[in-house]
Amino acid sequence: MAEIGLRTIPRPALGDWLAPAVGTAIFVAALLKGSAVIGDPDIQWHVEAGRWIATHLSVPDRDPFSHSMLGAPWHAHEWLSELLFWWAFHLGGWGAVATVAAASAGLAFALLATILQRHLQPRHTLVLCTASFALASQHLLARPHILTWPILVLWTAALCTAVERRAPPSLFWLLLMALWANLHGGYVFGLALAGLFAAEAIWRAEASARAGLLLGWGAFLLAAAFASLMTPHAPAAGVRFALGFLDGSGFVAPIGEWQPADFRTLSGLQLVLLGILALALLGRLRLPPFRVLLLVGLVYLALSHVRHGELLGLVAPLAVAACLGANLYGGAVVETVPAGRGRLWGVCASAAVLVLAPALYFGRAEVAPPSAVAPVAALESARSAELLGQPVLNSFNFGGFLIFSGVPVFIDGRADFYGSTFLRRYLDAVTLTNAGALEALLAERGIGWTMLQTGTPAILLLDRLPGWERVYTDETAVVHRRRPGTL
């Protein structure tokens, strides 16, 4: 890493306010998104899984939600997140779920701004936080991953600090890894990140110190791997789950957020990549080899899978801050000032917003998942037609809603559970990719009714299939049923 000189420059008083202001702004911005924060179909089955865990006082290891694979092995890998979201829903409905997600995002960015100010002036910290939010905001959803954003920031900062101090991280940070592994499968990225920083620390060390660092970092990595296994699940199952989602192949490849970045329209990723290119060309972003490797790897992940933009947004600023500060300020460092009246007022003001914003938010019209992922009217029509006791073929995005409504589903967002073969056969049927695939699926599974998104190709075929009739249509969903006696 580029060496940072001893000359210091004072940090302006604005720095006392910046971190709480950034965190509060992100929190309020997330709340203002309203139902969009809970607009992903998966949050509904996550809440229902949390309800199941709270009711049974155990973590399920068999599927309780589908009719297509009922009782098949399934582990609720994100059980702690699901339990937290269920408690939030139980206490305050969907508004509370959105507030928990918004608070987690706000905390992550407040921590990010605080840590960046160790190396950067407030204006540059604000620029990096803005760029970070531009990348992460596309995945600002009330789902388990958002509860790990503060952990990701703290974990990365701890690794960076350890490299700068030429000593392994404190074992205290292993508590974060254990918590992370029970919240979301992204903990595998945290382990990989620790391995990369360990390699950098050993590579940078003088020959006489390498043996000691190798032992220290090796012990930390082994302990972190052990901490990640402290879950209710079999170790092999947890690792397979996490690696599959981190890779983004196989069973998740057809899902939108796992698609490559789309540059046909302007996005935050495009602007950030152009900014990185400009800094590099201007000579303001000179990084040591391992940080270059990390930055390139993060860019690759963001380009390969849309959802990984958050990794680039939350990790890259921390990894480049020290070098960027040295390059911007000619070797000077930002002087850290003690907590003063400005910081105290900043904390008080942000705390007031954090208290008042949820109250104002809950005072608005009731927050609920949008009809695109919660077709309430279509389900009511199926209930009126007495179809709910029969197996359903549902659209992928309706699975979470049906699970939340107590209806056994054909498929839902648990793509790892269903697997690539099952998912491919489902897609062939509903998109009419293969002739006869829909008819074969309906007959084999004894499907009694369907609830598909309006515009799904299978709807037109169902309108013409003998023994089937349409019973409900709106701009969101179409319901068909099999005529009695035609199975």
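Residues are numbered from 1 along each chain as its sequence is written, and side-chain values use heavy atoms, leaving out hydrogens and water. In this predicted model, local features need pLDDT of at least 70 and side-chain atom pairs count only at pLDDT 80 or more, while totals for chains, interfaces and linings use all residues.

**The whole chain**

Start with everything in cartoon view. The protein has 18 helices and six strands; helices (H or I, at least four residues) and strands (E, at least two) are DSSP runs, numbered from the N terminus. Of its 487 residues, 53% are buried. Here buried means under 20% relative accessible area, exposed over 50% and partly exposed in between, with a 1.4 Å probe and protein chains only. Contact means heavy atoms within 4.5 Å, and among contacts between residues at least 6 apart in sequence, 73% join residues at least 24 apart.

**Phe27**

Next, select Phe27, in helix 1 (residues 14-32). Phe27 counts as buried because its relative accessibility is 2%.

Two packed helices are described by the angle between their axes and the distance between the axes. Axes are lines fitted to C-alpha atoms, for helices over the stretch in contact, and angles run from 0 to 180 degrees between N-to-C directions.

Select helix 4 (residues 122-136) with helix 10 (residues 268-281): their axes come within 8 Å and cross at roughly 140°. Helix 4 is therefore oblique to helix 10. Angles under 35 degrees count as roughly parallel, over 145 as roughly antiparallel, 65 to 115 as roughly perpendicular, and the rest as oblique. Show side chains and you will find Ala131, Ala134 and Leu135 of helix 4 meeting Gly268, Leu269 and Val272 of helix 10. By class, this contact has five nonpolar, one polar and no charged residues. Ala, Val, Leu, Ile, Met, Phe, Trp, Tyr, Cys and Pro count as nonpolar, Asp, Glu, Lys and Arg as charged, and the others, Gly among them, as polar.

Keep helix 4 and switch to helix 12 (residues 309-328), where the packing angle is about 160° and the axes are 8 Å apart. That makes helix 4 roughly antiparallel to helix 12. On the helix 4 side, the residues include His124, Leu128 and Leu135; on the helix 12 side, they include Glu310, Pro317 and Leu328. The residues of this contact divide into eight nonpolar, four polar and one charged.

**Two loop residues**

Go to Arg166, in the loop between helix 5 (149-165) and helix 6 (174-183). Arg166 has a positive phi of about 55°, although it is not a glycine. Then pick Leu432, in the loop between helix 16 and helix 17. Leu432 is not a glycine either, and has a positive phi of about 60°. With a relative accessible area of 34%, Leu432 is partly exposed.

**Helix 18**

Finish at helix 18 (residues 457-464), where Ala458, Ile459, Leu461 and Leu462 are buried. These four lie on the same side of helix 18 because they cover an arc of only 165° around the axis; the arc is that of the directions from the helix axis to the C-beta atoms. What do the buried residues of helix 18 pack against? Select helix 16 (415-430), helix 17 (437-444), strand 4 (449-453), strand 5 (468-473) and strand 6 (477-482) to see their partners. Turn the view around, and the face away from the buried side shows the exposed residues Leu460 and Arg464.
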